[in-house]
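Have a look at the fold, then read on.

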Amino acid sequence: MQKANCDICGPSESEMVGSIEAKCYAPGKKFEIHRCRNCGLVYLPLKSQPDTLYTYYPDNYTPHDVTFHRKTIFSQVLMDPIRRWVFALPAISQKGCRRAIQNILAVLYNQTAYRSIPPPQKNGKLLDIGCGTGSYLSMMRNIGWDGVGVERNKKAADHGKKVLGLDVRAGRFEDIVLPQKYFDVITMWHSLEHFPSPHRVLTKSGRILKDGGLIIIGIPNYDSLDRRIFRESWNGFEVPLHLYHFTSKTIRKLLESAGFKVEIIIHTVRPADMLKSIMNMLSDRYDPDRVFRIRKFLFLPILLPAILFSVSKRSSIIVVQAKKRSTKP
């Protein structure tokens, strides 16, 4: 046991629960994983300044790679029209059978999509924290949202601003000045676990979110069956970039401590994440080229387990939706 400073509890005792090799970002180097004995939060103890860890991000890190997020024909021809029909503002005015179909499609989409879409809202203002190259903001703009993004990586932020024409602010979210009680929705897609203090990020989010506003967070689920099966090869670890590893219980505690009320936790169907864990496991035993060749044959066989893990509420990725509690007297 050792004394630590938990982001939820403050000063508390922690225990080491594992040592994970940073295969992709610092090959050969291992990082300890600790768990707070009071609340159960799992995290990497910071033995150096947070900015030092930022040096581990490679130049071709996928969320920052401006060549990676190009629209496919599938997205342009099929998914864009579906998203506009289901999630754009006119959907609110629909009634009867048509609206019922839209609701079903919205649930199916958010159950399987990498990044969920909130319900339509007139003149809705959205902030995406850790927006990368701006692909999500661009998608939300196409269905009627007025979006702002924050991205620490300047190259990715410049792509969103100059190439896609988005309002993207480059810099650390903790340092950027944003208007109080301004946004209707705040989203964080696999970014909360990268911050040195998620509680600080959520507290600031509460100040710039309207009363009753919605925050939507996508994160890996430490309590998933994937993590138990693949152990150190689980794709969700991604050390040392991921500083925190949440479960449904710990993310709920964290949000409540920052002034939010959790509305729903979606256990998504994400076979792609299970596939990445399998690739991590095989890469230790086989030639990388061979592993790459066989991956296309694994997607369909792992689809059923991914669905079962979701139904049993033990999927690798969870999406948490929470509302800001009113600050009115």
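Helices (H or I, at least four residues) and strands (E, at least two) are DSSP runs, numbered from the N terminus. This is a predicted model, where local features need pLDDT of at least 70, side-chain atom pairs count only at pLDDT 80 or more, and totals for chains, interfaces and linings use all residues. Residues are numbered from 1 along each chain as its sequence is written, and side-chain values use heavy atoms, with hydrogens and water left out.

**Backbone**

- Most residues other than glycine have a negative phi, and most peptide bonds are trans.
- H190, in the loop between β8 (183-189) and α6 (198-208), has a positive phi of about 55 degrees although it is not a glycine.
- H190 is buried (under 20% relative accessible area; exposed is over 50%, partly exposed in between, with a 1.4 Å probe and protein chains only), at 13%.
- R231 has a positive phi of about 50 degrees and is exposed at 57%.
- R231 sits in the loop between α7 and β10, and P240 is found in that loop too.
- V239 and P240 are joined by a cis peptide bond, with omega about 0 degrees.

**Salt bridges**

- The structure holds twelve salt bridges, each a side-chain nitrogen of Lys or Arg within 4 Å of a carboxyl oxygen of Asp or Glu.
- E15, R35 and R37 form a network of them.
- In one of these pairs, the closest N and O atoms of R35 and E15 are 3.5 Å apart; R35 lies in strand β3 and E15 in strand β2, so parts 20 residues apart in sequence are tied together.
- R314 pairs with D223 at 3.8 Å, so parts 91 residues apart in sequence are tied together.
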